[in-house]
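Biologist: Hi, I have this protein open and would like a quick walk through it. Can we chat while I look?

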Amino acid sequence: MDHASTASVSSLEACGNEGFSHNGGLMQVKGALVTDDQTFQPQCGTQEHAMDQDLQQPETTTPINLSGALDKQASRGDENDSTQHSVAAGLSPAHIGNVPADQGLKATPSLFNNPPNLARIRKVLFECKDPIEISLEEFETYWPFIDNVWVKQRSNASKEGHCTTDYYMCRLRRPTHRTSETRPLPEGKRPRKKRVREGGICNFQIKVVRFEGAYSTVTIARTPGSCNVHSHDLDYIDRVKRNSGLMEYARKESIKGYLPSSIYTKFQEEPEKLGEAGGRFFTVTDVRNISAKWRIQNPEVDLVAHEGYEYQKGHGIVKTKSTGVNEAPSPKQLASLTSSSSLPSDTLSFPRFSLDFLHPYLPDHSERREFPHVTLSYASSMDSKISLQPGMQTVLSGPEAKLMTHYLRSRHDAILVGVGTVLADNPGLNCRLEGAGGFGGLGRMWQPRPVIIDPMGRWPVHPECRMLRTAVEGKGKAPWVVVSPGAQINPQTLMMLKGYGGDFLRIVEYNQHWRLRWEAVFRALASEGIKSVMIEGGGTVLSELLNPEYTSFIDSIVVTVAPTYLGRGGVNVSPDSKQDPEGTPNAALNPRDVKWMPLGQNVIMCGKIRSPGVREETIQPSH
Ligand SMILES: NC(=O)C1=CN([C@@H]2O[C@H](COP(=O)(O)OP(=O)(O)OC[C@H]3O[C@@H](n4cnc5c(N)ncnc54)[C@H](O)[C@@H]3O)[C@@H](O)[C@H]2O)C=CC1
Ligand SMILES: Nc1nc(O)c(N)c(N[C@@H]2O[C@H](COP(=O)(O)O)[C@@H](O)[C@H]2O)n1
């Protein structure tokens, strides 16, 4: 019998979180990782949780194809592993990536300094299919390259100044302004040649909310009056208006005193970068206009062509001497190119081996369900231990299995652990794979949400803990901490966690053993928009969830088995024993559709747990 029957989630607003607005309400796009050989197909996005009522619920989510994200496969170690006790020693080394042949081979400076995945991210910011959360820094980096799409309508700021909301409409929503045909032209003016574009043709509208906290975020979402898609593509806008990122490139080069035609020639030498930045329709007149503005202040400067370029009649500016462009870099240049990567040093290369075997066990985010898809995923010794002793982190996954685990993380909306694991491991619980679900995509947007089961509020929220550092560095999300009504959370702690983008969720449902009811936890997560949860541990959490009371909530299990025995002192994963009605012992649980897959020195066991038809909460999509 339940001691309390109402499930409720409170984000403890009552405890005094003035000045902090909820910076959630966001769309996560999962599984957007694509290998060079397209081994993995992108998946759909999910609504994480609603920030405020005027965010539109997305009706459908669309696969993301992150083409540029994985171009750079430089090898990097994981700085955090050195502190862990490793029983996986001797496993094969991590995959060493290569510097792609075309990466940064320019010896003379390029006019471009495009941020990573620019074309992809321009498209995401143009389409705004689902609410997007990015860091302020990312916003300031990417927005100038897409600002040609938008015209600001109005702005609001919160009283405390933490939060600013700007409302934008698509440029093509503006009504057409035609000059009166009858009005006489001013003296000396020729009639305008420019074709007047038809206005009012696209009713796309967004709002951009800036939230300033320990981790400043910007969320971008369609407003309720907006249509779902633009009535035109991004090229159409790029043809009509240049973005300010592109124009800034031209301005920077102009103020060096170069001829517009020389600048234009240099731009055209890197058509891919130009196209990525939205410059497919860039003209020499665009450069001339920028240059002319600067020349008003600097009329005495004699404009020159770039070194190695000169004017040749009939051909305009052409390259006359080798400038080192497209020549092979020296070893020194190569070394500096690999070390100056913008990705964090703990980035993991995307697996080069196939992980197709996992697909039947992965969440299908297009399904509409009452409860999230739940995957149990942990690493175990041969004697079913997950660590050498309580409170001790033990590495059981070899390099390949570790990449697989991070791939799994990229495919789930949330990663859940018990507080015992957090206290023992101080984990990051982010996805460190290179690509959209991990590093190098849109910051934290595609990262899974860490969830900690901590009924008594034992986790000491501290800026130095890894999850919060990870959040501040934009490498992951701050956690949601699931607490019971009895947990004493002081307002400073609450405000600190919220400032990092995390929160406390209070659950008031218990089972007969005064344990939080998992049903209530999953329902609470679902109501916050979480569609899939990967549960990593520890022993208490996993063993409890493998009991009959909860197996109807568990979809899949993915266990990394390590070739080692940790011994009796280790932390066990084992459900309660089971007997038939006559008292004869039975197997406690037999997963279905089992697959075993060797991965390096580990073997991965995948299986399904929830029987088809049991708690089949799939809701038919509404039309
Ligand atoms: N090899 C692997 O894949 C993994 C290993 N680990 C290891 O597991 C060990 C930690 O395991 P445990 O100590 O068992 O801790 P745990 O991580 O399972 O957390 C247990 C705590 O969570 C809370 N809790 C969990 N379920 C609850 C419920 N239904 N109601 C109320 N409270 C609940 C309680 O406070 C309980 O003390 C560590 O040594 C860690 O390194 C952890 C995760 C993965
Ligand atoms: N898959 C797996 N293999 C192991 O050998 C492990 N020790 C774990 N532990 C889990 O991973 C968490 C660490 O995550 P970060 O790397 O810090 O992000 C740890 O807390 C366990 O949940 N998992």
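Biologist: Let me start with β5: in which sense does it pair with β6, and over how many bridges?

Modeller: β5 and β6 (residues 163–170) pair in the antiparallel sense, over seven bridges. Two strands count as paired if DSSP finds at least two bridges between them. Helices (H or I, at least four residues) and strands (E, at least two) are DSSP runs, numbered from the N terminus. Before we go on: this is a predicted model, in which local features need pLDDT of at least 70 and side-chain atom pairs count only at pLDDT 80 or more, while totals for chains, interfaces and linings use all residues. Residues are numbered from 1 along each chain as its sequence is written, and chains are lettered from A and ligands numbered from 1 in the order in which they are written.

Biologist: Thanks! Which residue in β6 stands opposite Lys 152?

Modeller: That's Tyr 168.

Biologist: And what is the strand order of the sheet?

Modeller: The order is β4-β8-β7-β6-β5, an open sheet of five strands with antiparallel pairing. β4 (132–135) and β5 (150–157) are at the edges with a single partner strand each, so one side of each has no neighbour in the sheet. On average, neighbouring strands here are turned by 20° against each other, direction ignored. For that angle, axes are lines fitted to C-alpha atoms, for helices over the stretch in contact, and angles run from 0 to 180 degrees between N-to-C directions.

Biologist: New topic: ligand 1. Which residues come nearest to it?

Modeller: Gly 418, Gly 420, Thr 421, Gly 537 and Gly 538, out of 28 residues around ligand 1. A residue counts as near if its C-beta atom, placed from the backbone, lies within 6 Å.

Biologist: Which element gives the largest share of that shell?

Modeller: α10, with five residues. Other elements that give two or more include β11 (373–380), β14 (414–418) and α14 (539–545).

Biologist: Is Arg 411 buried or exposed?

Modeller: Arg 411 is buried, because 27 other C-beta atoms lie within 10 Å. Buried means 20 or more such atoms within 10 Å of a residue's own C-beta, exposed means 12 or fewer, and partly exposed is in between, with C-beta atoms placed from the backbone. Arg 411 is in the loop between α9 (399–410) and β14.

Biologist: How many residues are in the largest nonpolar core?

Modeller: 74, and Val 482, Val 521 and Ile 535 have the most contacts inside it. Such a core is a set of buried Ala, Val, Leu, Ile, Met, Phe, Trp, Tyr and Cys residues joined through C-beta atoms within 7 Å. Helix α13 (residues 518–527) gives this core its largest share, six residues.

Biologist: Last one: what share of the protein is buried?

Modeller: 43% of its 623 residues count as buried.
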